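Hi,

Here is the structure I promised to send over.

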Amino acid sequence: MCTTFGVVTERFGSPWPRPGLSKHKNSALVFPMAGIYDQAARYRLVLTSEAREAIEATFADYARMMDMLDEIAAAKGIGANLVALHGHAYDPLRKATRLPSRLVTLGLRDRVAYRAASTPRLPLDDRLVNVRDAATLSLGTALGRFTIPFEVTGYAAGWTHATPAQLVRTDNG
């Protein structure tokens, strides 16, 4: 079975003063840092073998990070205190994984939601993913940054997650 990846990004039906999709002067999407996403564009990434390897490595390192976070939280008696968890976990996580620093920071906040998610996914923000043009995006991974072609596969209901995009692993193409 072939595994493909999809990124859920753009924001529509915005509560900003002007309705609709906001764009930067250079036609790059502007991802707001918080808010409710009414609709999301779904992209299917067209992966080279190198990009697939990098994404697989990122998913593997992210899962390892989540296991480490659980171990550190249990060993230090840290419940939901993100400040304490960050203080104890950030440096060990950076040393033990190849994840971009921003993904480690987002992962600290994502720990509970990650465990509750039905499909593997990674939280992304505008530092980790950038839409370059109508057919390519740039994605930060455990093995570096890759420019990846994509196809828009449709739209879905939005979400209330704190990050404006998610990389979601799917098996249905």
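Before anything else, a word on how the pieces are named: helices (H or I, at least four residues) and strands (E, at least two) are DSSP runs, numbered from the N terminus. With that in hand, you can find Ala134 in the loop between β4 (129-131) and β5.

Two housekeeping points. This is a predicted model, where local features need pLDDT of at least 70 and side-chain atom pairs count only at pLDDT 80 or more, while totals for chains, interfaces and linings use all residues. Residues are numbered from 1 along each chain as its sequence is written, and side-chain values use heavy atoms, with hydrogens and water left out.

**The overall layout**

The protein chain has three helices and seven strands. Going along the sequence, their order is β-β-α-α-α-β-β-β-β-β. Of the 173 residues in the protein chain, 45% are buried; buried means under 20% relative accessible area, exposed means over 50%, and partly exposed is in between (1.4 Å probe, protein chains only). If you take the contacts (heavy atoms within 4.5 Å) in the protein chain with a separation of 6 or more, 72% are between residues 24 or more positions apart.

How do α1 and α2 sit relative to each other, going by their axes? The axes of helix α1 (residues 49-76) and helix α2 (residues 82-96) come within 10 Å and cross at roughly 140°. Axes here are lines fitted to C-alpha atoms, for helices over the stretch in contact, and angles run from 0 to 180 degrees between N-to-C directions. α1 and α2 are therefore oblique to each other. The cut-offs behind that word: angles under 35 degrees count as roughly parallel, over 145 as roughly antiparallel, 65 to 115 as roughly perpendicular and the rest as oblique.

The crossing of α1 past α2 is right-handed. A crossing gets that label if the near helix is turned clockwise from the far one by less than a right angle, and left-handed if anticlockwise. On the α1 side, the contact is made by Arg64, Met65, Met68, Leu69, Ile72, Ala73 and Lys76, and on the α2 side by Leu85, His88, Ala89, Pro92, Leu93 and Ala96. The residues of this contact of α1 with α2 split into ten nonpolar, one polar and two charged. For that count, Ala, Val, Leu, Ile, Met, Phe, Trp, Tyr, Cys and Pro are nonpolar, Asp, Glu, Lys and Arg are charged, and the others, Gly among them, are polar.

Next, α1 packs with helix α3 (residues 101-116) at an angle of about 75°, and their axes are 10 Å apart. That makes α1 roughly perpendicular to α3. The α1 residues that meet α3 include Tyr62, Met66 and Asp70, and the α3 residues they meet as a group include Leu103, Gly107 and Tyr114. The contact of α1 with α3 has ten nonpolar, two polar and five charged residues.

For α2 and α3, the axes come within 10 Å and cross at roughly 140°. They are therefore oblique to each other, and their crossing is right-handed. Among the residues that meet here are Leu82, His86 and Tyr90 in α2, and Ser101, Thr105 and Arg109 in α3. This contact of α2 with α3 is made up of seven nonpolar, three polar and three charged residues.

Is Thr141 buried or exposed? Thr141, in strand β5 (residues 136-141), is buried, with a relative accessible area of 6%. A polar atom of its side chain lies 3.1 Å from the backbone nitrogen of Leu143, and the side chain of Thr141 also reaches the backbone oxygen of Gly144 at 2.6 Å. Leaving aside neighbours within four places in sequence, Thr141 is in contact with Ala54, Ile55, Thr58, Arg98, Pro100 and Phe146.

Arg121, in strand β3 (residues 121-124), is also buried, with a relative accessible area of 6%. Its side chain is joined to that of Asp110 by a polar contact of 2.8 Å. A polar contact is a pair of N or O atoms within 3.5 Å; within protein, one must be able to donate a hydrogen and the other to accept it, and residues adjacent in sequence count only if both atoms are side-chain atoms.

Ala157, in strand β6 (residues 144-157), counts as exposed at 65% relative accessibility. Ala134 is exposed too, with a relative accessible area of 75%.

Cheers
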